[in-house]
Amino acid sequence: MKNYLVEFIGTFFLVLVIALSGDPIAIGAILMVMVYMGGHISGAQYNPAVTLAVWMNGAMKMNEMIMYMIAQVAGAVAAAVFYYLLAGRGDDFYPYPPGDMHALKALAVEAAFTFALVMVVLNVAVSKKTSGNSYFGLAIGFTIMAAATAGGKISGGAYNPAVAAGPMLFDLCIGGNGYQFLWIYIVGPFSGAIAAAMTYKFLNAEDSNPG
């Protein structure tokens with residue numbers, strides 16, 4: 001239960017900072033400190049795509065994976081509600097590609113940078129070879145900072161299904177139509193995560209944890 005609460009809290013603050021600022025530096029910084037905050041309790045995943053990759057690596061059971069994802073999306077919904085109470089509906093209420101951007105380009109960016117994020121997470125926070133390091137939070141936070149800066153103008157820079165699903169679910173409840181973009185932030189990050197998990201297994205076959 002403690003694991004799920006930490007995943008809820010970490011995802012809540014990540015999504016809240018994204019909604020309130022949209023600033024890549026702030027987003028990378030809050031993810032970094034939340035990773036350090038919760039890493040020793042839950043693994044500090046805060047991202048269903050990361051959770052899927054960790055499960056694929058054999059580091060968690062399927063029922064635990066599902067509960068992590070539920071906690072992450074719940075944290076994102078709570079952050080969306082809090083943001084709405086503070087600021088009302090705004091342009092940054094949920095991630096979306098700019099109007100002149102082709103959806104497939106946004107999809108490709110979401111997949112590519114999620115691949116990078118998951119590769120970093122697996123190698124600095126899951127791998128036995130780097131176990132006990134003190135830089136895992138910095139590595140993960142800086143990855144998201146760079147990804148948000150580089151790809152945000154193309155896809156909205158989510159790289160995390162919960163970051164999109166939570167605000168979009170709440171937006172739907174209050175009569176919005178942001179859900180039309182949701183498929184980009186489901187298909188892109190999950191496909192990137194699957195590719196990263198498979199690549200990690202290939203590169204670190206001896207480090208994989210069997211089912």
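**View 1. The largest cavity of the predicted model.** The largest cavity has a volume of about 180 Å³ (the space filled by probe spheres set on grid points, which are joined across faces, edges and corners). The structure holds one cavity of 30 Å³ or more, a cavity being a set of points on a 1 Å grid over the protein atoms alone where a 1.4 Å probe fits but cannot get out. This is a predicted model, in which local features need pLDDT of at least 70 and side-chain atom pairs count only at pLDDT 80 or more, while totals for chains, interfaces and linings use all residues. Residues are numbered from 1 along each chain as its sequence is written, and side-chain values use heavy atoms, with hydrogens and water left out.

**View 2. The lining of the largest cavity.** The lining comprises 23 residues (each with an atom within 4 Å of a point). Leu14, Leu31, Asn47, Leu117 and Ile144 lie nearest the centre of the cavity. Two or more lining residues come from each of helix 1 (2–21), helix 2 (24–38), helix 5 (103–126) and helix 6 (136–155); helices are DSSP runs of H or I with at least four residues, numbered from the N terminus. Helix 6 gives the most to this lining, with four residues. By class, the lining has 18 nonpolar, five polar and no charged residues (Ala, Val, Leu, Ile, Met, Phe, Trp, Tyr, Cys and Pro count as nonpolar, Asp, Glu, Lys and Arg as charged, and the others, Gly among them, as polar).

**View 3. The crossing of helix 4 and helix 7.** The axes of helix 4 (residues 62–87) and helix 7 (residues 161–173) come within 8 Å and cross at roughly 50 degrees; axes are lines fitted to C-alpha atoms, for helices over the stretch in contact, and angles run from 0 to 180 degrees between N-to-C directions. The two helices are therefore oblique to each other (angles under 35 degrees count as roughly parallel, over 145 as roughly antiparallel, 65 to 115 as roughly perpendicular and the rest as oblique). Helix 4 passes helix 7 in a right-handed crossing, in which the near helix is turned clockwise from the far one by less than a right angle. The contact (heavy atoms within 4.5 Å) involves Gln72, Val73, Ala76, Val77, Ala80, Val81 and Tyr84 of helix 4, together with Ala162, Gly166, Pro167, Leu169 and Phe170 of helix 7. Its residues comprise 10 nonpolar, two polar and no charged.

**View 4. The crossing of helix 1 and helix 4.** Here the axes come within 7 Å and cross at roughly 40 degrees. Helix 1 and helix 4 are therefore oblique to each other, and helix 1 passes helix 4 in a right-handed crossing. Their contact has 17 nonpolar, four polar and two charged residues.

**View 5. The packing of helix 3 on helix 4.** Helix 3 (residues 48–56) packs with helix 4 at an angle of about 170 degrees, their axes being 9 Å apart. This makes helix 3 roughly antiparallel to helix 4. Pro48, Thr51, Leu52 and Trp55 in helix 3 meet Met62, Met65, Tyr68, Met69 and Gln72 in helix 4. These residues divide into seven nonpolar, two polar and no charged.

**View 6. The surroundings of Thr130.** Thr130 is located in the loop between helix 5 and helix 6. Leaving aside residues up to four places away in sequence, Thr130 touches Asn123, Val124, Ala125 and Tyr135. Trp183 is 53 residues from Thr130 in sequence and 34 Å from Thr130 in space, C-alpha to C-alpha.

Technical notes
1 Å grid on protein atoms, 1.4 Å probe; cavity = no way out; pocket = protein on both sides within 12 Å on 5 of 7 lines; lining within 4 Å.
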